[in-house]
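Here is a short briefing to read with the structure open beside you. Find each residue as it comes up, then move on to the next point.

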Amino acid sequence: MLSEIKLKMSSSPHIRSKTTSANIMLMVTIALLPAAAFGVYNFKLPALVMLISTTVSAVLTEYIYQKLMHKKITVNDFSAVVTGLLLGLNMPANAPWWMGALGSVFGILVVKQLFGGLGQNFMNPALGARCFLLISFTGQMTTFIYDGVSGPTPLALLKSGESVDTMGMLIGTIPGTIGETSVFAIIIGAIFLILMGVIDLRIPGTYIVTFAVFVGIFGHLKNPDIGFFDPQYITAHLCGGGIMLGAWFMATDYVTSPITKTGQLVYGALLGILTGLFRLFGGSAEGVSYAIIISNLLVPLIERVTLPKPFGKGGEK
Amino acid sequence: MNGCTERVYNGLIKENPTFVLMLGMCPTLAVTTSAINGVGMGLSTTVVLVLSNMLISMLRKIIPDSVRMPAFIVVVASFVTIVQFLLEGFVPSLYASLGLYIPLIVVNCIILGRAESYASKNPVVLSIFDGIGMGLGFTVGLTAIGLVRELIGSGKVFDYQLLPLADMSTGQAGYVPVTIFILAPGAFLVLAGLTALQNKMKINAAKKGKKVIEAAGCGEGCASCAGCSKTVFPTGNEKE
C-alpha cells in the first residue's frame, strides 16, 4: 500500500507580512502625536481646535462620500486620520477652524476619493489641500500669531538677511504652522517610524542632504555676506519652515513616492533642489509644499526611467 | 420636432459644445472668471458662428473641396474682425476683459467644426439654426461656469455683491472668497464638476425611461466626425 504523503498545495505568495495599511497608518498617526502635542502646548487652544477640525472633517468626508457612492467604508484604515492630522499640522493656529475643515474636504474628496481612494491619489492629499488653501486664502495662511503678536517666521527673517534664534527653532518656540515648529518633536516621531520599519532613510536623507548642499552653495552665491557652506545658515534653513515635517512625514507617503530604490534617491534629490530653489529664489520664504506636490506629479516619470531590468534582459545587443 | 428646433435642442443639450463635445476649451477655461465674461464670450462666438454657418452653407457648392479649410478660415476671420470692432466700439469694458480671446475666436474649433461637419453639407436655414443652437449651448456653458466661479471666488453674481464679504481688519463676519476659483485651477474644477453634474442628470433621465435621443449624424462628437462623409485623413486607398 502506497503511503500517502499529504502535501498542502497553494499558490504564491507563501510568505505573508502581517503589516496592513491600517497598522502602518496607525503608526504614522502615533508618530505625529509628539509634533501635535507640542503644537498644542505652543499655540494653546486654537491649535487643538484646528487639529480636531481637520481630522474630524477628513474622516467624515471620507465616510459620507463612500456611503453615498455605495463603496466599501474604509474609514477605519486611519488614512483619513493621517491626512487630516497632517493638514492640521500644516495650518497656522490662528486661521479660522472652518478653513481647515474646507481644506480637509478638498483633500479627501477631490485629491483622494475622486481619483479612486487610498493608493490612487496622484499627490499627497494633505499637501494638495494645503496648497488649495494657500492659493485661496493667502492672507490668513501666511499670518502667524505667536504669543499674541503677529510676526514673521524665522524663514522670512532669514530671507531678508536678519539673524535668527537657532536654538528656539530646534525646540520649536517660534511662529509657524502648528506642527512644523519643533524639530525635536518631529525627530522623535521620525525615529519611531524608522525603528518600526515604516519609513527608511532613503527619501528623507537624500532630500535633506541635497537641500543642505544646495543652500550651502547658493546661499553664498546669492548673498556673499553668508559664508560658503555657512553652518549656522544651513542649520537655520534645515530647522525652519516645513522641511522637517515634509521630509519625514509627507515626502515618504507610500502612494506618492517612487517604489524603486534609485527612483527614491532621484525623488529625494529633486525635492531638495526644488525646495532650495523656491526658498532662495522664489517669491515666498517657504517652498516645501510646492516642492513635494510637484515631485509627486513627477513620480510616474521617475519610476519609468528607474525601473530595474529583469535578470537576463537588456544585455548586449 | 421639426429640423430647426431639433438643431437648437441638439446644440443646447444633446451635443452641448462645452459639456458634451468638450470643444473650445481655451476660451472656456480662460475667460470664465465672471458670469458677464462668459455671456460676452458666448454671444460673440454665437454671432460669428451663425454668420459663418450661413455664409459657408450658401457657398457650399462653390467652394472646391481641396481648399475648403482656407476658405472657411477666411469667412470666419472676416466675421471675427467685424465682431471685434463692434465690441471695441460699443462695449469697451467687455472688450478689455476678453482681450486676446476675441481674435482667438477664429481658431475656435466649434466654429470650424460646425462649418466642416454641418454647414458645408446642409441647407442655409438649417445651418443658421445649427449655429444658433451651438452658439447658445456654448453661451450657456460659459455662463454657468462663470457664474459658479464668480460666486465662489468673489461672492458676486453678475458683478452684484450677493454675499457680503468679511472684513478681517474690523472682524466683521461675512463671506470669505475662495480665490482659487477665479484663478486657473478653479476653471478646471468647476468645468469638471458641472460636466459630472450634467452627465448625472442625463443618466438619471435615461434611467427613468425618458428617451434620450442619440446624437444626430454620426452619433459621436465632432472630433470623431471625420469619417461621416468626407475623408479628412486619407488612407491611401481612395481612388479619385
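In this predicted model, 5 residues of chain A are in contact with 6 residues of chain B. Helix H5 (residues 125–136) of chain A gives the largest share of chain A's side, 3 residues. By class, that side has 3 nonpolar residues, 2 polar residues and no charged ones.

**The two chains in outline**

- Chain A has 14 helices and 2 strands.
- Chain B has 8 helices and 2 strands.
- Read chain B from the N terminus and its elements run α-α-α-α-α-α-α-β-β-α.
- In chain A, 46% of the 317 residues count as buried.
- In chain B, buried residues make up 38% of the 240 residues.
- Take the contacts in chain A between residues at least 6 apart in sequence: 75% of them join residues at least 24 apart.
- For chain B, residues 24 or more positions apart account for 75% of the contacts with a separation of 6 or more.

**The overall form of chain A**

- Along the principal axes, the C-alpha atoms of chain A fill a box of roughly 90 × 55 × 30 Å.
- The radius of gyration of chain A is 21 Å.
- A compact globule with 317 residues would have a value near 20 Å, so chain A agrees with that figure.

**Helix H5 against helix H14 in chain A**

- H5(A) also packs on helix H14 (residues 288–306) of chain A.
- Their axes lie 10 Å apart, at an angle of about 130°.
- H5(A) passes H14(A) in a left-handed crossing.
- From H5(A), the contact uses A:Leu127, A:Gly128, A:Arg130, A:Cys131 and A:Leu134.
- From H14(A), it uses A:Ser289, A:Tyr290, A:Ile292 and A:Ile293.
- By class, the residues of this contact are 6 nonpolar, 2 polar and 1 charged.

**Helix H1 against helix H2 in chain A**

- The axes of H1(A) and H2(A) come within 6 Å and cross at roughly 140°.
- H1(A) and H2(A) are therefore oblique to each other.
- H1(A) brings A:Ala36, A:Gly39, A:Val40 and A:Phe43 to the contact.
- H2(A) brings A:Pro46, A:Ala47, A:Leu48 and A:Leu51.
- These residues divide into 7 nonpolar, 1 polar and no charged.

**Buried places in chain A**

- How many residues of helix H12 (residues 243–250) of chain A are buried? The count is 8 of its 8 residues, and the helix is mostly covered.
- The buried residues of H12(A) are A:Ile243, A:Met244, A:Leu245, A:Gly246, A:Ala247, A:Trp248, A:Phe249 and A:Met250.
- A:Ala190 sits in helix H9 (residues 183–195) of chain A.
- Is A:Ala190 buried or exposed? A:Ala190 is buried, because 23 other C-beta atoms lie within 10 Å and the cut-off is 20 or more.
- Leave aside the neighbours within four places in sequence, and A:Ala190 is in contact with A:Ala31 and A:Trp248.
- A:Trp248 is one of the buried residues of H12(A).
- A:Ala190 and A:Leu170 are 20 residues apart in sequence, and their C-alpha atoms are 15 Å apart in space.

- The peptide bond from A:Ser12 to A:Pro13 is cis, with omega near 5°.
- A:Pro13 lies in the segment before helix H1 (21–43) of chain A.
- A:Phe78 is not a glycine, yet it has a positive phi of about 70°.
- A:Phe78 lies in the loop between helix H2 (45–68) and helix H3 (79–89) of chain A.
- With 21 C-beta neighbours inside 10 Å, A:Phe78 counts as buried.
- A:Phe229 is not a glycine either, and it has a positive phi of about 55°.
- A:Phe229 belongs to the loop between helix H10 (202–222) and helix H11 (231–239) of chain A.

Conventions: Residues are numbered from 1 along each chain as its sequence is written. Chains are lettered from A and ligands numbered from 1 in the order in which they are written. This is a predicted model: local features need pLDDT of at least 70, side-chain atom pairs count only at pLDDT 80 or more; totals for chains, interfaces and linings use all residues. Helices (H or I, at least four residues) and strands (E, at least two) are DSSP runs, numbered from the N terminus. A residue is buried if 20 or more other C-beta atoms lie within 10 Å of its own, exposed if 12 or fewer, and partly exposed in between; C-beta atoms are placed from the backbone. The radius of gyration is taken over C-alpha atoms; the globule rule is 2.2 Å times the number of residues to the power 0.38. Two residues are in contact if their C-beta atoms, placed from the backbone, lie within 7 Å. Ala, Val, Leu, Ile, Met, Phe, Trp, Tyr, Cys and Pro count as nonpolar, Asp, Glu, Lys and Arg as charged, and the others, Gly among them, as polar. Axes are lines fitted to C-alpha atoms, for helices over the stretch in contact, and angles run from 0 to 180 degrees between N-to-C directions. A crossing is left-handed if the near helix is turned anticlockwise from the far one by less than a right angle, and right-handed if clockwise. Angles under 35 degrees count as roughly parallel, over 145 as roughly antiparallel, 65 to 115 as roughly perpendicular and the rest as oblique.
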